[in-house]
Amino acid sequence: MSEARFPVNLPGDPDISDAPRITGRRILELAAKTWPFLRPLKMHLIFYLILIGLSGLVGTVAYTQGLDLLSNKVLVGEEKLLPIQASLLWLDDSFVNADSETGVPTEEQRKIVLDRLLVWMAILLVVAIGTFIAVWYWGTWIWHSVNQSLRVAMVERSEHLSLRHHSDTRVGDTVFRVYQDSAQIINLIQEGLIGPVGLLFGFGWAMLLLVFLAPSLLLALLVVGVPTLWLMIVFTPRIRGRALANRVANSDLTSRLQETFVAAKIIKANRAEDEALRRFDRDSHRALDAAFRVRLEMIVLSLLVMMMGGLCVIVTEYVMASWSNEGSSLNVPAVMVFLVPFVAWNLGAFQFGREQTGGAIGQGYGAVRMWSQLQDLFIALERAFFILDLEPEVESPDDPEPFPVAVEQLEWRGVDFAYEPSRPVLESLDLVADVGTITAIVGATGSGKSTLMSMLLRLYDPDQGAVLINGVDLKRLSVEDIRANTAIALQKNVLFTGSVADNIGYAIPNIDRDRIVEAAKIACADEFIDELDGGYDTELGERGVKLSTGQRQRLSIARAVVRDTPILILDEPTASLDAVNEQRVLANLESWGRQRVVFVITHRLSTIREADTIAFLEEGRIVELGSHAQLMDREDGRYRRFVQAETTGHAEAMRDE
Ligand SMILES: Nc1ncnc2c1ncn2[C@@H]1O[C@H](COP(=O)(O)OP(=O)(O)OP(=O)(O)O)[C@@H](O)[C@H]1O
Ligand SMILES: [Mg+2]
């Protein structure tokens, strides 16, 4: 980001270089993007706004009338009631007609007016409280519904983004965007819609009333308005830059927090608590500083505007007080008397004028504050919508072909792939696997085995070449179908909070207990599950029972098996099983997998040996392919050396190459 865009970017501020610039067009775009989330609640919003508008109107009329009645008709008591006031208070014409000798209301009349006024006040108070509760409750419900749908949309979009995006993004950043940035949509409606409408209305109203009271007061307001606008223009980009820096810093802090807790074990094992704390402390300070700086900008602007407003209040009040002392006359048009019920400058008119100028200045001040908060809000929404704007790299075609009824053959044809352009991971890779076979993928760590398998699920697409099922490019099938037909037991297995049965039947709604038990048996998990106190209903996860790595691995195999798909991938899921258990699992899988295509990634010789085909991977290429016997026949073969190294226990022999 150039200096010109965010002139206040200070050393130590987080990097905000990829931040979008906020222009008038962007604001319109943001509004357009917000609309889909508001649309379902359109009618609610309309009626909500009408309710607010109406209560504002009623409140204003009640206020001016009440003020006039109380100060001029009751306290000072030298004026008769206006006809409209008399009818509102259910009083007869004697309160309007100047038929008494003195021309002023009697003591008794004044008392009656006061009583009636008090009745009105009590009624209005009850109505006002009721309306306030309704508006508050209804509004809260609307904004939170909107926020909820935005959050869900963001998470949904994140789920569809490629793994490449996820591996390039810090988890904490996405968490902050979904959790914190999105919440600003609540304020957008309040501060971007209702607030300004209310302020404009209030401001316009005060101005209108002042026109009738004394147009010269308007001039005073305008004199203050010009420098205020100038201040806003100067401060806007500063506040925006600081707001962005603040949100980025807090995103970083969230990421740091998440990383610290995820790595709790490693931190302890390495006695790195102090270092972890130091880093957290530093990020926390940065976030605090950033938050402080954005508030400081806002406060300085507020203070400057407030000072000018204060000056204006003093001047106008002085002028109005002099007019009232002199009893200067007023020329309020007849049609306006229900709003400005004063005939000359008196106590009521002075108070009224004070209220209106004060109101107009207050609304102006409110507008400035709202404007600065809007800057932060735009930044937050930009960050939230950023996720929604990301296009998933892997998408189903518009008109996908049906998934083959029977999977016969899988093929990688000339596949090139790189996570980062400069570091190829797979290079012109060819591999064919037929139904009813088990293919072992063997190779040193980092040689690309897991990557190869992830192409089958379309977690990533090849940069060159294609992956095919029965000769059909995966890109012509729907991603849904592909994933529904492929089960994978991962190297890093994840348990979810829930029962053992939930964990095995994960993502299969209403699954039979029988199927779960059967899958657990194939994965040799049923024995240890039966020993758990609650059996299949034992709670797992953070607040539940903890399992060993080998037990988790068997659960994740069961989770893959239970899905009963034609394609099964086991990515080193047996690494933590003892040899006996591993053999049993594999023997079970062999008979289970007869009608399927099975891939096993493993370092275990005993497993590899049983596979129909062994693909030996080196730096993203398959250097040898064949059965165990075939590959062992090769003098000086790579696989043969690998086997020798494993059996003689000299793993170094491989690494020294
Ligand atoms: N998300 C990622 N982003 C960037 N590079 C990655 C990513 N995942 C893996 N790599 C790189 O791609 C290469 C192949 O990784 P891959 O996980 O496929 O290896 P592997 O053969 O499964 O290794 P292991 O036996 O350790 O599981 C490695 O060099 C790794 O650093
Ligand atoms: Mg791997």
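How far apart do the C-alpha centres of domain 1 and domain 3 lie? The two centres are 55 Å apart. The structure is a predicted model, in which local features need pLDDT of at least 70 and side-chain atom pairs count only at pLDDT 80 or more, while totals for chains, interfaces and linings use all residues. Residues are numbered from 1 along each chain as its sequence is written, chains are lettered from A and ligands numbered from 1 in the order in which they are written, and side-chain values use heavy atoms, with hydrogens and water left out.

The protein is divided into domain 1 (32–389), domain 2 (409–485 + 566–655) and domain 3 (496–564); these bounds come from an automatic or database domain assignment. Helices (H or I, at least four residues) and strands (E, at least two) are DSSP runs, numbered from the N terminus.

The largest nonpolar core has 47 residues. A nonpolar core is a set of buried Ala, Val, Leu, Ile, Met, Phe, Trp, Tyr and Cys residues joined through side-chain atoms within 4.5 Å. Buried means under 20% relative accessible area, exposed over 50%, and partly exposed in between (1.4 Å probe, protein chains only). The residues with the most contacts inside the largest core are Ile 504, Ile 529, Leu 555, Leu 589 and Tyr 639. Helix 17 gives the most to this core, with six residues. Because domain 2 and domain 3 both give residues to the core, it lies between them. Neighbours within four places in sequence aside, Ile 504 is in contact (heavy atoms within 4.5 Å) with residues including Ile 516, Ala 520, Ile 529, Tyr 536 and Leu 555. A second, separate core of 30 residues includes Phe 403, Leu 429, Val 472 and Leu 474.

A search of the whole structure finds 30 salt bridges, each defined as a side-chain nitrogen of Lys or Arg within 4 Å of a carboxyl oxygen of Asp or Glu. Asp 564 forms one with Arg 596, the closest N and O atoms being 2.9 Å apart. Asp 564 lies in the loop between helix 17 (549–562) and strand 9 (567–571), and Arg 596 in the loop between helix 18 (579–592) and strand 10 (597–601), so the pair ties together parts that are 32 residues apart in sequence. Asp 564 is partly exposed at 48% relative accessible area, whereas Arg 596 is buried at 12%.

Arg 638 forms a salt bridge with Glu 618, with 2.5 Å between the closest N and O atoms. Since Arg 638 lies in helix 21 (residues 638–648) and Glu 618 in strand 11 (residues 613–618), this pair ties together parts that are 20 residues apart in sequence. Arg 638 is partly exposed at 21%, and Glu 618 is partly exposed at 26%.

A further salt bridge joins Arg 256 to Glu 259, the closest N and O atoms being 3.9 Å apart. Both residues lie in helix 8 (residues 215–262), three residues apart, about one turn of the helix. Arg 256 is buried at 14% relative accessibility, while Glu 259 is partly exposed at 33%. Arg 256 and Glu 259 are linked with Arg 170, Asp 252, Arg 282 and Asp 283 in a network of salt bridges.

Met 43, Ile 46, Phe 47, Ile 50, Leu 54, Leu 57 and Phe 201 make a nonpolar surface patch of about 650 Å². Patches are made of residues with over 30% relative accessible area and no salt bridge, like charges being joined within 9 Å and nonpolar side chains (Val, Leu, Ile, Met, Phe, Trp, Tyr) within 5 Å; accessible areas come from the Shrake-Rupley method with a 1.4 Å probe, and for residues only the protein chains shown count as cover. Helix 2 (residues 42–76) gives the most to the patch, with six residues. Met 43 lies in helix 2 and is partly exposed at 47% relative accessibility.
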